Amino acid sequence: MKNKEIFIKEYIIDNDIEKNIFTTDKKRVFFKEEIFDHAFTRDFTGVRIFDFYRARRVYWIKPVIEERVQGATVLFKDERYKIPGKKAKSRRIYYVPEKDYVVILDYLTGQKKDFKFITHYLIINEWIKRKVKKQFGIE
């Protein structure tokens with residue numbers, strides 16, 4: 001799968017050299033091949049289907065994490081974030097309002113030194129946009 005190969009080359013390893021991607025406050029962000037399905041598919045009535053919108057934005061992830069995208073904001077920086085119906089997690093959520101684009105990182109289990117990439121997505125319809133903005137407290 002071409003998109004998965006791009007993801008691996010950009011974020012995990014390229015020519016046997018491990019990628020080192022850091023936030024602006026020098027915390028390393030780990031990308032794992034296993035997260036590809038979660039990050040590049042979406043749930044459609046209980047079945048994960050490939051999400052073309054997410055795949056087209058594979059190159060957006062790193063510049064957002066490095067805060068090199070104009071207008072990008074960190075919504076939750078190292079805070080415990082509670083998703084309704086789920087256990088609270090310490091995470092960092094980046095939001096690009098001009099593009100309605102979100103990148104989510106969680107701290108590695110048991111420490112607050114480095115992150116793991118969880119997902120990214122483009123908010124593509126008004127209903128989801130209202131839901132996400134309410135959930136994340138975006139004005």
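Two strands are said to pair if DSSP finds at least two bridges between them. Helices (H or I, at least four residues) and strands (E, at least two) are themselves DSSP runs, numbered from the N terminus. The structure is a predicted model, in which local features need pLDDT of at least 70 and side-chain atom pairs count only at pLDDT 80 or more, while totals for chains, interfaces and linings use all residues. Residues are numbered from 1 along each chain as its sequence is written, and side-chain values use heavy atoms, with hydrogens and water left out.

Let me begin with the overall picture. The protein chain has five helices and 10 strands. Of its 139 residues, 40% are buried, where buried means under 20% relative accessible area, exposed over 50%, and partly exposed in between, with a 1.4 Å probe and protein chains only. Contact means heavy atoms within 4.5 Å; among contacts with a separation of 6 or more, 45% are between residues 24 or more positions apart.

I turn now to one hairpin. Strand 8, residues 89-96, pairs with strand 9, residues 101-107, in the antiparallel sense over six bridges. Four residues lie between the two strands, and aspartate 100 in the turn has a positive phi of about 50 degrees. The bridge partner of arginine 92 is leucine 105 in strand 9. Seven of the eight residues of strand 8 are buried.

A salt bridge is a side-chain nitrogen of Lys or Arg within 4 Å of a carboxyl oxygen of Asp or Glu. Arginine 91 and aspartate 106 meet in such a bridge, at 2.6 Å from N to O. Because arginine 91 lies in strand 8 and aspartate 106 in strand 9, the pair ties together parts that are 15 residues apart in sequence. Both arginine 91 and aspartate 106 are buried.

How many salt bridges are there by this rule? The count comes to seven. One of them joins lysine 4 and glutamate 33, whose closest N and O atoms are 3.8 Å apart. This pair links distant parts of the chain, with lysine 4 in helix 1 (residues 2-11) and glutamate 33 in the loop between strand 4 and helix 2, 29 residues apart. Lysine 4 is partly exposed, at 25% relative accessibility, and glutamate 33 is partly exposed at 38%. Elsewhere, arginine 42 and aspartate 51 form a salt bridge at 3.6 Å, N to O. Arginine 42 is partly exposed at 34%, whereas aspartate 51 is buried at 7%. A network of salt bridges links Arg42, Asp51 and Arg54.

Is arginine 28 buried or exposed? Arginine 28 counts as buried because its relative accessible area is 15%. This residue is found in strand 4, residues 28-30. A polar atom of the arginine 28 side chain lies 3.0 Å from the backbone oxygen of lysine 19. Leaving aside residues up to four places away in sequence, arginine 28 touches several residues, including Phe22, Asp114 and Phe115.

Finally, the surface. Accessible areas come from the Shrake-Rupley method with a 1.4 Å probe; for residues, only the protein chains shown count as cover. The protein chain exposes about 8,700 Å², of which carbon and sulfur atoms supply 52%. Isoleucine 124, in the loop between strand 10 and helix 5, is partly exposed at 44% relative accessibility.

Methods
Polar contact = N/O pair within 3.5 Å; in protein donor to acceptor, adjacent residues only side chain to side chain.
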